[in-house]
Amino acid sequence: KLVYVHQLQPSCPEITATYFRPDEKKEGGAYICVTGKLQKIDRLSQRILLDDGRQIPMEDLVEIDF
């Protein structure tokens, strides 16, 4: 899905991504669901960048929809 979204990037209105955010103070974490316009898929830093400045680490990505 990530490759497909990357190919649709200029015309993709928005994506919904679910990812796991580890808790920095203890074991565990939370699943976060965000919706926004895809700005860029940065392969070098392995992050999905949204137009509002949010960054989603690809290694934590669970699901992506468009």
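Where is the place of Asp60? I looked this up first in the predicted model. Asp60 sits in the loop between β5 (55–57) and β6.

**Entry: Asp60**

I examined the charge of Asp60 next. The residue is buried yet takes part in no salt bridge. Arg47 is the nearest side chain of opposite charge, and I find it 6.8 Å away. A salt bridge requires nitrogen and oxygen within 4 Å. I then listed the contacts of Asp60, setting aside neighbours within four places in sequence. They are Thr18, Tyr19, Phe20 and Pro22.

**Entry: Arg47**

I turned to Arg47, which belongs to strand β4. Its relative accessibility is 30%, so I recorded Arg47 as partly exposed. Beyond residues up to four places away in sequence, Arg47 touches Lys40, Ile41, Asp42, Gln55, Ile56, Pro57 and Met58. I also took the C-alpha to C-alpha distance from Arg47 to Asp23: the two are 19 Å apart in space and 24 residues apart in sequence.

**Entry: Val62**

I placed Val62 in strand β6. Leaving out neighbours within four places in sequence, I found Val62 in contact with Thr18, Tyr19, Phe20 and Tyr31. Val62 and Ile32 are separated by 30 residues in sequence, and their C-alpha atoms by 9.6 Å in space.

**Entry: salt bridges**

How many salt bridges does a search of the whole structure find? I count four.

I began with Lys1 and Asp65, whose closest N and O atoms are 3.0 Å apart. Lys1 lies in the segment before α1 (2–8) and Asp65 in strand β6 (residues 61–65), so this pair ties together parts that are 64 residues apart in sequence. As for accessibility, Lys1 is exposed at 54%, whereas Asp65 is partly exposed at 35%.

I next noted the bridge between Asp23 and Lys26, with an N to O distance of 3.7 Å. Asp23 is partly exposed, at 30% relative accessibility. Lys26 has 58% and counts as exposed.

Arg54 and Asp52 form a further salt bridge, at 2.8 Å from N to O. I recorded both partners as partly exposed: Arg54 has a relative accessibility of 31%, and Asp52 has a relative accessible area of 45%. Salt bridges with shared partners also join Lys1, Glu63 and Asp65 into one network.

**Entry: Gln46**

I checked the backbone at Gln46. Its phi is near 55°, a positive value in a residue other than glycine. Most residues other than glycine have a negative phi, which is why I made a note of this value. Gln46 is located in the loop between β3 (38–42) and β4 (47–50). With a relative accessible area of 42%, Gln46 is partly exposed.

**Entry: the chain as a whole**

For overall dimensions, I looked up the C-alpha trace, which spans about 40 × 20 × 20 Å along its principal axes. How does the radius of gyration of the chain stand against that of a compact globule? A compact globule of 66 residues would have a value near 11 Å, and the chain has 12 Å, so the two agree.

On burial, I noted that 29% of the 66 residues are buried. Asp60 is one of the buried residues. The chain exposes about 4700 Å², of which carbon and sulfur atoms supply 50%.

Residues 24 or more positions apart account for 43% of them.

On charge, I recorded 9 positive and 11 negative side chains. The centres of the two sets lie 3 Å apart.

**Entry: points to keep in view**

I close with two residues that I marked in the model. Asp60 is buried and without a salt bridge. Gln46 has a positive phi although it is not glycine.

Notes: Residues numbered from 1 in each chain as written. Predicted model: local features only at pLDDT ≥ 70, side-chain atom pairs only at ≥ 80, totals over all residues. Heavy atoms only, no water. Helix = DSSP H or I, 4+ residues; strand = E, 2+ residues; numbered from the N terminus. Buried < 20%, exposed > 50% of the residue type's maximum accessible area, 1.4 Å probe, protein only. Rg over C-alpha atoms; globule rule 2.2 N^0.38 Å. Contact = heavy atoms within 4.5 Å. Areas by Shrake-Rupley, 256 points an atom, 1.4 Å probe, with all protein chains shown as cover. Lys, Arg positive; Asp, Glu negative; His and termini not counted. Charge placed at Lys NZ, Arg CZ, Asp CG, Glu CD.
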